[in-house]
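Please look through the sequence and the structure shown here before reading on.

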Amino acid sequence: MNPKMQASDAANYLQVSLQAIHKNIKTNGLETSKSQNKVYFGHKTAQKIFKINVKPTCFTWQNLKGGVGKTNLSFAAATRLSSYGLKVLVIDLDQQGNFTQACDIDAEAKPVMFDIIHSNMDMSECIVNIHDGLDLLPSRIENALLDNLFTINSLPLDRELNKRISPLKKIYDIIFIDCPPALSPSVCAAALSADHIILPTDPEKFSLSGLQITLNEIKKNISDRYDINVNTKILLNKFDSRTNLSHQVLTALLSDEKFNDKLFKSFIRTSQAFPNAISKGMTIFDSLRPSTAKEDIDLLCHELIDLCENA
C-alpha cells in the first residue's frame with residue numbers, strides 16, 4: 001500500500017503553478033519519486049508542501065442501511081487525507097472488520113475496542129500503523145459484544161468512547177470511526193464522540209426512506225436525548241449518470257430541505273476502482289492513472305478539510 005500525491009494535484013489544490021511546486025521541492029530538498037514522467041511524493045513531503053493546519057476533528061461513518069459503500073469511501077478518504085500531510089486515525093467498530101481487512105491487518109492477536117473497554121486498556125497502545133500518516137484501531141468479531149458491554153455495565157454513552165478518543169486529538173488531525181449498520185449503543189457512543197456524522201447513501205429503491213429513518217433515529221437517540229446539536233452530512237455514493245434512479249435520488253436530495261442543507265457538494269460516481277484496489281491490497285491512489293474515483297474522493301477530501309478548519 002503506497003498512496004501517492006502527484007505534484008500536479010498539489011498545484012491544483014494550492015492554486016499555484018506546477019513550476020512553483022517543483023521549485024519548492026528543489027529549494028527545500030524534499031523527497032519525491034518520478035514515474036511515467038510524473039512527480040509524486042508521500043506523507044512526509046506533503047506535510048512540508050501543504051502545511052495544512054486543521055482543528056482536530058472526529059467523523060463517524062454510519063448508516064442504518066448496509067451496502068452503501070461506507071468502508072470503501074472511508075478507506076479511500078483516509079488514505080487520501082494522509083497524502084495531504086494530515087495524520088489520520090481510523091477506529092474500526094464494525095465487527096465484520098472490513099476496514100481492517102482492507103488494510104491487510106490480521107486482528108486476531110490485536111486488541112479491539114471491546115478489549116479496550118472490557119479490560120480498561122490504553123487505546124493509544126493498541127493502535128497499528130498502516131503507512132505514513134495513517135493508523136488504525138483494528139476490529140474483529142468480538143466487537144459484536146460491545147453493545148452488551150454498554151448495556152450490562154450501564155456505561156455512559158456520552159462519555160465512554162469520548163474519554164478515550166478526545167486525548168487522541170492531540171496526536172491526530174482527523175479521526176474516522178467506521179461503524180456497523182445500526183444505531184446501537186456503541187454506534188450512539190461513537191456519534192456522541194464525533195464532531196460530524198457522515199451518512200453515505202446510494203441511489204437505490206427506498207434509499208431516501210432509509211436515510212430519513214437514520215436521521216430520525218439520530219435526532220431521537222442523540223440530539224434530543226442528550227440535548228446536543230449533531231452535525232450530519234449526507235454523501236451520495238454509487239451515482240450512475242446512465243440510470244434514471246440516480247438522477248431521481250439526486251434531485252430528491254437537492255429539492256428536499258430535510259436533506260439539502262446536509263448534502264456534500266461532491267458525490268461519488270459508481271466505480272469498480274474501489275473494490276478492485278482493495279482486492280489487490282492497494283488504495284486507488286497507489287496508481288498514477290487518472291480515474292473518476294480519484295477525482296471524486298479528492299473533491300470529498302477538500303470538503304472534509306474545510307469542515308475541519310471550521311470545526
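Helix α10 (residues 207-226) and helix α11 (residues 244-255) pack at an angle of about 35°, and their axes are 10 Å apart. This is a predicted model, in which local features need pLDDT of at least 70 and side-chain atom pairs count only at pLDDT 80 or more, while totals for chains, interfaces and linings use all residues. Residues are numbered from 1 along each chain as its sequence is written, and side-chain values use heavy atoms, with hydrogens and water left out.

**Terms for helices and strands**

- Helices (H or I, at least four residues) and strands (E, at least two) are DSSP runs, numbered from the N terminus.
- Axes are lines fitted to C-alpha atoms, for helices over the stretch in contact, and angles run from 0 to 180 degrees between N-to-C directions.

**Helices α10 and α11**

- In α10, the residues Ser207, Leu208 and Leu211 meet Val249, Ala252 and Leu253 of α11, where contact means heavy atoms within 4.5 Å.
- Sorted by class, the contact of α10 with α11 has five nonpolar, one polar and no charged residues; Ala, Val, Leu, Ile, Met, Phe, Trp, Tyr, Cys and Pro count as nonpolar, Asp, Glu, Lys and Arg as charged, and the others, Gly among them, as polar.

**Helices α4 and α14**

- The axes of helix α4 (residues 70-83) and α14 come within 10 Å and cross at roughly 70°, and α4 and α14 are therefore roughly perpendicular to each other (angles under 35 degrees count as roughly parallel, over 145 as roughly antiparallel, 65 to 115 as roughly perpendicular and the rest as oblique).
- The crossing of α4 and α14 is right-handed; a crossing is left-handed if the near helix is turned anticlockwise from the far one by less than a right angle, and right-handed if clockwise.
- On the α4 side, Leu73, Ala76, Ala77, Arg80 and Leu81 meet Ile297, Asp298, Leu300, Cys301, Leu304 and Ile305 of α14, and by class this contact of α4 with α14 has nine nonpolar, no polar and two charged residues.

**Nonpolar cores**

- The largest nonpolar core has 52 residues, of which Phe59, Trp61, Leu81, Phe176, Ile297, Leu300 and Leu304 touch the most other members; a nonpolar core is a set of buried Ala, Val, Leu, Ile, Met, Phe, Trp, Tyr and Cys residues joined through side-chain atoms within 4.5 Å.
- Helix α14 (residues 292-309) gives the largest share of this core, eight residues.
- Not counting residues up to four places away in sequence, Leu300 touches Trp61, Ala77, Leu235, Phe264, Ser266 and Ile268.

**Single residues**

- Asp135 is found in strand β7 (residues 134-137), and Asp135 counts as buried because its relative accessibility is 9% (buried means under 20% relative accessible area, exposed over 50%, partly exposed in between, with a 1.4 Å probe and protein chains only).
- Leaving aside neighbours within four places in sequence, Asp135 is in contact with Lys87, Val88, Leu89, Val90, Ile127, Val128, Asn129, Ile130 and Tyr172.
- Asn37, in the loop between β2 (33-35) and β3 (38-41), has a positive phi of about 65° although it is not a glycine, and at 67% relative accessibility Asn37 counts as exposed.
- Ser154, in the loop between α7 (146-152) and α8 (162-165), has a positive phi of about 50° although it is not a glycine, and at 61% relative accessibility Ser154 counts as exposed.
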